[in-house]
Amino acid sequence: MVNLFDTNMDPELKNSILEHINRCFDCQKEYHNALEIISMLKPKLQPNAPFLLKQNIMNQLKMENTEMKAQDPKVKKFSPRFKRILLVAAVLAATMVIIPIVNNNTSVFNSTARAANSLIDNSIRATQLVKSMIVKLKVRTLPNDNFSLVGPDYEMVNHSIYKQFGNPHKWRVEKPGRVVVCNGEFQYMHIVGMQEFYKAPSYHNLIEDFELYLEPEKILIKEQYNLKKDGSALTMEVKNGLVYLAVTHKAQGDFTNEYMLNTSIEESHNRREYVFDNDTKLLRGLKIYLIEGEKETLIVNLESIEYNVDIDPTLFALHIPQGQECIDLAAVPKGEVFTNITSKQAAEILCKGLSQKDWLLVAPALINYGPNGELSSDMKEKLGGLTLLQLGEPFKSGQYPGEFVPYEVRLKSGRIVKHNLALRNDNPNKVWLVDGGF
Ligand SMILES: [Zn+2]
């Protein structure tokens with residue numbers, strides 16, 4: 001699979017691997033995992049950056065290799081989680097420019113950064129042995145909005161994460177207005193306020209930035225990258241058996257237009273304070289502060305994290321009431337009306353359809369809002385018969401893969417709504433889909 005990421009790959013071999021991936025559920029999962037890791041690291045990939053991480057992994061591989069040679073060849077076996085690290089290493093090696101390895105007395109890396117690097121390495125290794133964890137977090141967000149949404153003016157909302165490592169991984173992430181569970185094969189989401197249910201394969205990401213919290217090693221692999229970036233300030237202190245590590249982070253994404261700035265952790269200037277147990281090297285605490293000029297606001301506070309505890313297996317299932325519709329997010333969107341046009345034209349067709357209550361016309365763009373794009377009667381009542389007053393020029397912001405189209409409409413009720421419609425067409429048929437902003 002690693003060969004897929006090599007640009008010089010034999011196309012025939014590539015096709016045969018892709019064909020297999022298409023048919024094999026296990027490989028599909030691994031492939032998506034690799035793609036996800038690449039996309040997670042990509043914005044930070046700089047040709048001269050991550051050589052230490054690579055070097056570490058390569059050393060680890062060498063070590064593992066020597067150990068394996070000493071064993072009976074029939075019993076050599078990687079743990080599934082170690083295999084994943086191998087995959088990451090191999091993908092990095094295949095996609096990155098080869099950098100000459102600099103020796104240890106280089107001034108590129110100061111001693112604090114080097115100590116932090118080694119702490120992170122040890123912690124990543126320690127995390128591999130964890131079998132389960134329960135995390136309690138408080139996040140400044142809205143209880144019934146996306147998991148990634150954060151903002152300095154929201155209240156602190158309780159979040160719980162339950163994670164069972166092993167094969168397959170099972171997990172549950174919840175806050176008062178939203179629950180997502182993964183039983184290893186599928187994910188289910190319940191939006192409590194709207195009584196809506198969604199289903200998606202396990203490799204879809206219904207929890208956005210929270211995906212990172214499901215695997216502490218991912219947080220740390222990411223931090224290790226940040227370490228090598230210029231402008232990341234770092235402090236480290238050992239006190240009473242705990243190690244305190246603080247990293248200052250700059251917003252990731254394109255902020256020529258600042259609409260998305262400070263709306264998620266990735267898209268904000270922030271400081272992250274980690275606490276590790278000095279003996280076990282496991283993560284014990286995390287605080288994230290949003291930085292706006294002189295002002296700092298605590299937006300994430302890890303209240304507790306318990307490792308290797310028993311978790312009630314019923315938490316990894318979601319009760320869907322009988323007769324309840326469940327929106328399948330894996331369905332490939334279809335809708336010629338919303339393809340081969342600009343996002344602004346798509347917004348115009350959408351508004352026209354809503355104004356004429358032509359529910360069939362707008363359905364292809366609204367598949368995230370109801371089964372087959374059928375809106376709830378509440379939404380039909382609210383949006384039907386609206387008048388479009390104005391559409392602005394589409395813009396991109398932050399890490400959002402789609403575009404925002406500013407609009408102003410008058411609802412039937414007389415109320416004027418001015419907002420930005422979030423539209424994206426990153427699907428196989430390039431259909432513009434409404435993703436938010438009603
Ligand atoms: Zn396979």
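Here is a short exchange about a predicted model, its sheet and its zinc site.

Biologist: Which strands stand at the edges of the open sheet?
Modeller: The sheet is open and built from 12 strands with mixed pairing. Its order is E7-E8-E9-E10-E11-E1-E2-E3-E4-E5-E6-E12. Two strands have a single partner each, so one side of each is left without a neighbour in the sheet. Those edge strands are E7 (234-239) and E12 (326-328).

Biologist: By what angle are neighbouring strands of this sheet turned against each other on average?
Modeller: Direction is ignored for this value.

Biologist: Which residue in E4 is the bridge partner of Val173?
Modeller: Strand E3 covers residues 170-175, and strand E4 covers residues 178-182. They run antiparallel, joined by 5 bridges. Across from Val173, the partner in E4 is Val180.

Biologist: What angle does the direction of helix H5 make with that of E7?
Modeller: Helix H5 (residues 111-127) packs on the sheet. It touches E7, E8 (242-249), E9 (270-277) and E10 (283-292). With the direction of E7, the helix makes about 65°.

Biologist: What spacing do the donors of the zinc ion follow along the chain?
Modeller: The zinc ion is coordinated by His20 through NE2, and by Cys24 and Cys27 through SG. These atoms lie at 2.1 to 2.3 Å. Along the chain, the donor spacing is H-x3-C-x2-C.

Definitions and conventions:
Residues are numbered from 1 along each chain as its sequence is written. This is a predicted model: local features need pLDDT of at least 70, side-chain atom pairs count only at pLDDT 80 or more; totals for chains, interfaces and linings use all residues. Side-chain values use heavy atoms; hydrogens and water are left out. Two strands pair if DSSP finds at least two bridges between them. Helices (H or I, at least four residues) and strands (E, at least two) are DSSP runs, numbered from the N terminus. Axes are lines fitted to C-alpha atoms, for helices over the stretch in contact, and angles run from 0 to 180 degrees between N-to-C directions. Contact means heavy atoms within 4.5 Å. Donors are N, O and S atoms within 2.8 Å of the metal (3.2 Å for Na, K and Ca); water is not among the atoms, so sites may look incomplete.
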